[in-house]
Amino acid sequence: AELARRALRELATLDDDDPVDRRCRGLMEDRLGLVLSRFGAGEHLRPLSVLAGAPAEIQGAFELMATDSDDDWANVAARVSALPGALSSLRASLEEGIRSGVLAAPRQALSTAHQLSTWAGRHGGVPYFASLAARAPERLRTRVGAGIPAANDALADLADWLTATYATAAATVPDAVGRDRYIVSARQFLGGDLNPDEAYAWGWAELERIETEMRRLAGEITPGASIDGAMEWLDAHGEAAEG
């Protein structure tokens, strides 16, 4: 948070006569402001979500790493070895969230625990980091694989803690995130502030418009058919409809 504040202060001193610089400043101010909004809301103490939580971001980092050279794979190996420390840091944040009464919903904790267990290979299949090492050139696989046992143990340990300790502590947290959290999260994904009442009114109207159009098209495909009936007809009698 302090880094974001310092960056915002430095941005305020920079010239932005160039339109590209001006757009870049606006984007940076929005994203850094979002960091501070999320920090103020305590979101850094409950970053559990299957799609966008801290564990998914940690795993996703490996998918984004370059793997074109031996040096690239050395970076991968170093990051695999650093995974237990990353998960330990995450757990410390979650423990502070418990102490502060800032928790994610139980379903998020249990779903994330299942996700971590899957990556550790507990539910069958190849553990994630073993599959990652298998992509490395044969001469480098031993180096990349050196940190895998500790990484798998760290994944399993955090999964067990989320199941046994965190989910219990969060048992009374409502499953819905609430209006305030929703607005902050919506800004994260949309890049702008959202009026949820207007957005949902538009969303329901748009859904009704789309479904009306779907029913009309279903009748053109098979007169009198429902949407599902038209889809079943297409499955049986044709691979595609023109238009």
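This is a predicted model: local features need pLDDT of at least 70, side-chain atom pairs count only at pLDDT 80 or more; totals for chains, interfaces and linings use all residues.
The largest cavity holds about 40 Å³ of space.

**Entry 1, the cavity.** Then I asked which residues line the largest cavity. I got Pro55, Ile58, Gln59, Leu83, Leu87, Leu116, Trp119, Phe129 and Leu155. Helix H3 (54–64), helix H4 (70–100) and helix H5 (106–119) are the elements that give two or more residues to that lining. H3 gives the most, with 3 residues. I also sorted the lining by class: 8 nonpolar, 1 polar and no charged residues.

**Entry 2, H1 against H2.** Next I went to the helix pairs. For two packed helices, the things to look up are the angle between their axes and the distance between the axes. Helix H1 (residues 2–11) packs on H2 at an angle of about 150°, and their axes are 9 Å apart. Angles over 145 degrees count as roughly antiparallel, so that is what H1 is to H2. I noted the crossing of H1 and H2 as left-handed. Which residues make the contact? From H1 I listed Ala4, Arg5, Ala7, Leu8 and Leu11. H2 brings Arg25, Met28, Glu29, Leu32, Gly33, Val35, Leu36 and Phe39. By class, this contact of H1 with H2 comes to 9 nonpolar, 1 polar and 3 charged residues.

I stayed on helix H2 (residues 19–40) and checked helix H9 (residues 179–190). The axes of H2 and H9 come within 10 Å and cross at roughly 155°. H2 and H9 are therefore roughly antiparallel to each other. Left-handed or right-handed? H2 passes H9 in a left-handed crossing. On the H2 side, the contact is made by Asp30, Arg31, Gly33, Leu34, Ser37 and Arg38. On the H9 side, I wrote down Val184, Ser185, Arg187 and Gln188. The class tally for H2 with H9 is 2 nonpolar, 4 polar and 4 charged.

I put the two contact lists side by side. Gly33 of H2 is in the contact with H1, and Gly33 is also in the contact with H9.

Technical notes. Residues are numbered from 1 along each chain as its sequence is written. Side-chain values use heavy atoms; hydrogens and water are left out. On a 1 Å grid over the protein atoms alone, a cavity is a set of points where a 1.4 Å probe fits but cannot get out, and a pocket is an open set with protein on both sides within 12 Å along at least five of seven lines; lining residues have an atom within 4 Å of a point. Grid points are joined across faces, edges and corners, and a volume is the space filled by probe spheres set on the points. Helices (H or I, at least four residues) and strands (E, at least two) are DSSP runs, numbered from the N terminus. Ala, Val, Leu, Ile, Met, Phe, Trp, Tyr, Cys and Pro count as nonpolar, Asp, Glu, Lys and Arg as charged, and the others, Gly among them, as polar. Axes are lines fitted to C-alpha atoms, for helices over the stretch in contact, and angles run from 0 to 180 degrees between N-to-C directions. Angles under 35 degrees count as roughly parallel, over 145 as roughly antiparallel, 65 to 115 as roughly perpendicular and the rest as oblique. A crossing is left-handed if the near helix is turned anticlockwise from the far one by less than a right angle, and right-handed if clockwise. Contact means heavy atoms within 4.5 Å.
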